[in-house]
Amino acid sequence: MKHLSTPLFKRTILTFTQREVTMALPRHPLLFLFAMIMLSFADSTVAEDPLLLFHEGSAKDNNFIVQSTNVLNLKSFDKLGQISSSPKMVNVNDYGAQGDGKTDDTLAFKKAWEVACSSGIAVFVVPQKNYLLKPITFSGPCKSNIAVQITGTVEASDNISDYNEDRAHWLMFDSVQKLSVKGGGTIDGNGNIWWQNSCKTNQKLPCKKAPTALTFYKCKDLTVEDLTIRNGQQMHVSFEESENVIVSGLTVTAPEDSPNTDGIHITNTQNIQILNTVIGTGDDCISIESGSRNVQATKITCGPGHGISIGSLGSGESKDFVSGVTVNGAKFSGTTNGVRIKTWQGGSGSASNIKFQNIQMEKVTNPIVIDQNYCDQATPCKKQKSAVQIKNVLYENIKGTSGSDVGVQFDCSEKFPCEGIVLQNIDLQYEDRREAKASCNSVQLSYRGDVNPQCP
């Protein structure tokens, strides 16, 4: 359907004369109603509507008439020829939430979600207050499209005993389809108590799970945008077994020394775009793990942190696959790694069809890394016969400074060497404009354009 603001649509509407509509009325009563409504909107500007909160892809499925900046307050006709009602606004304050930053508002959020999810089209509203929450799962499937509008701050309980039933999650959306989460607000994992009790902070402590601040599990047609997510207990945002996801305009932050605080984690998820996002944490800015394909990250600012990583893959002799990853347009500042692929020995599967393009590095310790001998454990890893195959990887237009004298490092498997690795227009200098080096083992490599450094 053409947008109502287009001349074509206006001309189509205006071809109905009053006489034609009147004559059509006895046989087609809906035609008169539809024409009159269309005429009333053809040359007018309408106010912003809560439906703007919904995923753009939902327009076709639900017959919404949506413009880029305006939404008509006209909904689809139902089977009886009636116009459906406006979205139901479900405000957590109306269900007992105090928003004073001290009172536990978990129950009020649960009650509000049950109403929103069981309604037709609904908007779950979190106003400009400070809401304290224990772990909570927003479960689907819901009756129709649902939007979560967060303009306030949602803060996690820092009482570790509140997480006894589930130490892996704080906020989770489970099996919700056509979901939109946005609004300019803040999600605060209040992670300091978890970092203090991490075995990576204090090696005398046992290693235990810590919650992911925000998890989307088995969600489809999902939009997450315009939010600040900070101080995650461990990972900040995780997309798991989800499909058709757009992530835009996020700011994800945690101290540089906060352990395992990945910014955005992706696993078993297909067709996901991450756009215009700023990430600075104590671990990977973006981590992409097994089962993920068709992942695009564009205009990403990363630092501090461990860079953008594919993997780790193959741990515990697992068979893992990642394919169709593109990172196009990124800036790394002071990170330990830039773009990295990491796999354990003993695994199988593949990481393939990957592009890292148009990237700026500023004092990145390891700008370009493939590590097929990754080992993140206290004792040395044993040499294994199998490995995850890495193939068809393009590095293009990557420039800047390395924080170490090795700007490019390919440490590939002797029995499963890296294949189809291409370096095109690479210019990495060591600090003070000294030449950086390349370290290359068991890699099938080709060059295009000017490449510095090159493998010996």
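Which residues does Phe-216 touch, not counting residues up to four places away in sequence? In this predicted model, the list runs to Phe-173, Leu-179, Val-181, Leu-222, Val-224, Val-237, Ser-238, Phe-239, Glu-240 and Ser-242. Phe-216 sits in strand E11, which covers residues 212-217. With a relative accessibility of 0%, Phe-216 counts as buried, because the cut-off for that label is under 20%. One further pairing is worth a look here: Asp-174 is 42 residues away from Phe-216 in sequence, yet the two C-alpha atoms are 6.3 Å apart in space.

Stepping back to the whole chain, the protein has six helices and 31 strands. Of its 456 residues, 49% count as buried.

Strand E11 belongs to an open sheet of 11 strands. The strands pair in parallel, and their order is E5-E8-E11-E14-E17-E19-E21-E23-E25-E27-E30. The edges are taken by strand E5 (136-139) and strand E30 (437-441); each has a single partner strand, so one side of each has no neighbour in the sheet. From one strand to the next, the twist averages 15 degrees. Helix H5, made of residues 106-118, lies across E5 and strand E8 (169-174), and runs at about 5 degrees to E5.

Some of the pairings can be followed residue by residue. Strand E19 (residues 286-288) is joined to E21 by three bridges, with the two strands running parallel; here Ser-287 stands opposite Ser-309 in E21. Further along, four bridges hold strand E25 (residues 366-374) to strand E27 (residues 406-411), again in parallel. In that pair, Asp-371 faces Asp-411 of E27. E27 is in turn joined to E30 by five bridges, also parallel, and Val-406 stands opposite Lys-437 in E30.

A search of the whole structure turns up one cavity of 30 Å³ or more. The largest cavity has a volume of about 100 Å³. Its lining comprises 13 residues, and those that lie nearest the centre are Phe-138, Val-148, Ile-150, Leu-171 and Phe-173. Phe-173 is also one of the residues touched by Phe-216. At least two lining residues each come from strand E3 (122-126), strand E6 (146-150) and E8. By class, the cavity lining is made up of 13 nonpolar residues, with no polar and no charged ones.

The largest pocket has a volume of about 1300 Å³. A total of 47 residues line the largest pocket, and Lys-200, Gln-234, Met-235, Asn-260 and Asp-376 lie nearest its centre. The elements giving two or more residues to this lining are helix H6 (192-196) and the strands E14 (237-240), E17 (264-267), E21 (308-313) and E23 (337-344). The pocket lining divides into 16 nonpolar, 18 polar and 13 charged residues.

A few spots stand out in the backbone. Most residues other than glycine have a negative phi, and most peptide bonds are trans. The peptide bond from Gly-140 to Pro-141, however, is cis, with omega near 0 degrees. Pro-141 lies in the loop between E5 and E6. A cis peptide bond also joins Gly-311 and Ser-312, where omega is about 15 degrees.

Asn-190 has a phi near 50 degrees, positive although the residue is not a glycine. Asn-190 is placed in the loop between strand E10 (186-188) and H6, and counts as partly exposed at 22% relative accessibility. Asp-226, another non-glycine residue, has a positive phi of about 55 degrees. The loop between strand E12 (220-225) and strand E13 (228-230) holds Asp-226, which is partly exposed with a relative accessible area of 43%.

Ser-352 is found in strand E24, which spans residues 348-364. Its relative accessible area is 9%, so Ser-352 counts as buried. Leaving out residues up to four places away in sequence, Ser-352 touches Val-322, Ser-323, Gly-324, Lys-391 and Asn-392.

How values were computed. Residues numbered from 1 in each chain as written. Predicted model: local features only at pLDDT ≥ 70, side-chain atom pairs only at ≥ 80, totals over all residues. Heavy atoms only, no water. Buried < 20%, exposed > 50% of the residue type's maximum accessible area, 1.4 Å probe, protein only. Contact = heavy atoms within 4.5 Å. 1 Å grid on protein atoms, 1.4 Å probe; cavity = no way out; pocket = protein on both sides within 12 Å on 5 of 7 lines; lining within 4 Å. Points joined across faces, edges and corners; volume = space filled by probe spheres on them. Nonpolar A, V, L, I, M, F, W, Y, C, P; charged D, E, K, R; others polar. Pairing = 2+ DSSP bridges. Axes fitted to C-alpha atoms, helices over the stretch in contact; angles between N-to-C directions.
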